[in-house]
Amino acid sequence: MIHGQDLPVAEMIERARLAEKIGVDAVWLVQLPSLRDSAAVLAALACVTERVALGAGVLPFYTRPPVTMAQTALTVDELSGGRFTLGVGSGHRVTGEWMLGVPTGPPVGSMREYLSVVTSLIRDGEVHETGAWYRAHAVYAAPRRAGLPVYLGAFGPRLAELAGEAADGLMLWMCTAAYIHEVVMPALERGLRRSGRSPDGFPVVAMVPGAVSEDLAGDRELLRRYLAAYARVPTYRRMYELSGFGDELARGAVSDGMLDGIAVLGDEAAVRDMAARYARAGATQVVVTPMASAHNDRALFTRTVEALVGR
């Protein structure tokens, strides 16, 4: 994952090229309210990389009407020669409504309709739907890859079920491995069974913040403050409470145990151990987001990526 905060686009491009050269399978971009449009940057990455898969992880659904989201995904996919994966998430209601002025419906019901419009236009090239939250009547006439995968970014049980019912994969951000194993995977499997699909091989992408670090004390404090900010968001707070961190959050603390459960900081072996831990929990793809010192230091970024691929 390339986190674009404070980085020029030129540096993001160079990091994507570097990651591809090192041998990663995929490069993902995060979208945050205060950052540039990641879909536009992904279009640029599609033109300067050759092999690596590219993914949006994730685009909040309130940033684009569903027809426009499908058009964006198909355009980036065409530019990349069929290497793109679209990740769609519900984001945060306060961002959608307060910052963008877009009213949001109930997360599961509105997301179900949204996914239906996006996937119909991608798979069939045409959509005619009238729902309670979204209405769409459109045709896509440009070249189109009907198999472009659409993943749902979620971590709550109900949305994880929806991913099993209506999406091509599930994306998880800052979850502990235990939470994925104990809460997410059973919910996902319920949704897959409901849709008549097998959990075997269904994509589950775990995105984990962390890095190879040469300043553990300083980097741990940076990530502790980062997690504390997320813990104030109601959806994340509920997830962390279900993960067993409710008491410390009630005291306004992010303990060492919470930090170690959600992020990885250390040497190359620590990064490899983290990837193995999430794979055992059910993740089919582990995505590390180089943060703290590795966000600004390209050498530490490089060491982190090399550790992830076992070099």
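Contact here means heavy atoms within 4.5 Å. This is a predicted model.

**The nonpolar core**

- The largest nonpolar core has 115 residues.
- Within that core, L86 and Y240 touch the most other members.
- L86 has contacts in several parts of the sequence: A56, L59, M69, A73, V118, L148, P149, V150 and Y151. That list leaves out residues up to four places away in sequence.
- In soluble globular proteins, nonpolar side chains tend to be buried together.

**Helices α1 and α2**

- Helix α2 covers residues 38-48, and α1 covers 9-22.
- The two helices pack with their axes 10 Å apart. The angle between α1 and α2 is about 45°.
- Angles under 35 degrees count as roughly parallel, and 65 to 115 as roughly perpendicular. The pair α1 and α2 is therefore oblique.
- The crossing of α1 and α2 is right-handed.
- On the α1 side, the meeting residues are V9, M12, I13, A16 and R17. On the α2 side, they are V41, A44, L45 and V48.

**Q31 and the way into α2**

- Q31 sits in the loop between β1 (26-29) and α2.
- Its relative accessible area is 14%. Buried means under 20%, so Q31 counts as buried.
- The side chain of Q31 makes a polar contact with the backbone nitrogen of S38, at 2.7 Å.
- A polar atom of the Q31 side chain also lies 3.2 Å from the backbone oxygen of R36.

- G57 and V58 are joined by a cis peptide bond. Its omega is about -5°.
- Most peptide bonds are trans.
- V58 belongs to strand β2, which spans residues 53-60.

- Most residues other than glycine have a negative phi.
- D6 has a positive phi of about 70° and is not a glycine. D6 comes in the segment before α1.
- D6 is exposed, at 64% relative accessible area.
- In space, D6 and L35 are 8.9 Å apart, C-alpha to C-alpha. In sequence, D6 and L35 are 29 residues apart.
- A292 also has a positive phi, of about 55°, and is not a glycine. A292 lies in the loop between β10 (285-290) and α12 (293-296).
- A292 is buried, with a relative accessible area of 15%.

- R197 is in the loop between α7 (177-194) and β8 (204-212).
- R197 has 32% relative accessibility and counts as partly exposed.
- The R197 side chain reaches the backbone oxygen of G164 at 2.6 Å.
- Leaving out residues up to four places away in sequence, R197 touches A163, G164, E165, A166, A167, L192 and F202.
- R197 and E165 are 32 residues apart in sequence. Their C-alpha atoms are 8.4 Å apart in space.
- Helix α6 runs over residues 157-166. Its buried residues are L159, A160, E161, L162, A163 and G164.
- Those buried residues of α6 pack against α5 (107-124), β6 (150-153), β7 (169-173) and α7.

**T304 in helix α13**

- T304 is part of helix α13, residues 298-308.
- T304 is buried, with a relative accessible area of 0%.
- Neighbours within four places aside, T304 is in contact with A211, V212, V271, V288, P290 and A294.

How values were computed:
Residues are numbered from 1 along each chain as its sequence is written. This is a predicted model: local features need pLDDT of at least 70, side-chain atom pairs count only at pLDDT 80 or more; totals for chains, interfaces and linings use all residues. Side-chain values use heavy atoms; hydrogens and water are left out. Helices (H or I, at least four residues) and strands (E, at least two) are DSSP runs, numbered from the N terminus. Buried means under 20% relative accessible area, exposed over 50%, partly exposed in between (1.4 Å probe, protein chains only). A polar contact is a pair of N or O atoms within 3.5 Å; within protein, one must be able to donate a hydrogen and the other to accept it, and residues adjacent in sequence count only if both atoms are side-chain atoms. A nonpolar core is a set of buried Ala, Val, Leu, Ile, Met, Phe, Trp, Tyr and Cys residues joined through side-chain atoms within 4.5 Å. Axes are lines fitted to C-alpha atoms, for helices over the stretch in contact, and angles run from 0 to 180 degrees between N-to-C directions. Angles under 35 degrees count as roughly parallel, over 145 as roughly antiparallel, 65 to 115 as roughly perpendicular and the rest as oblique. A crossing is left-handed if the near helix is turned anticlockwise from the far one by less than a right angle, and right-handed if clockwise.
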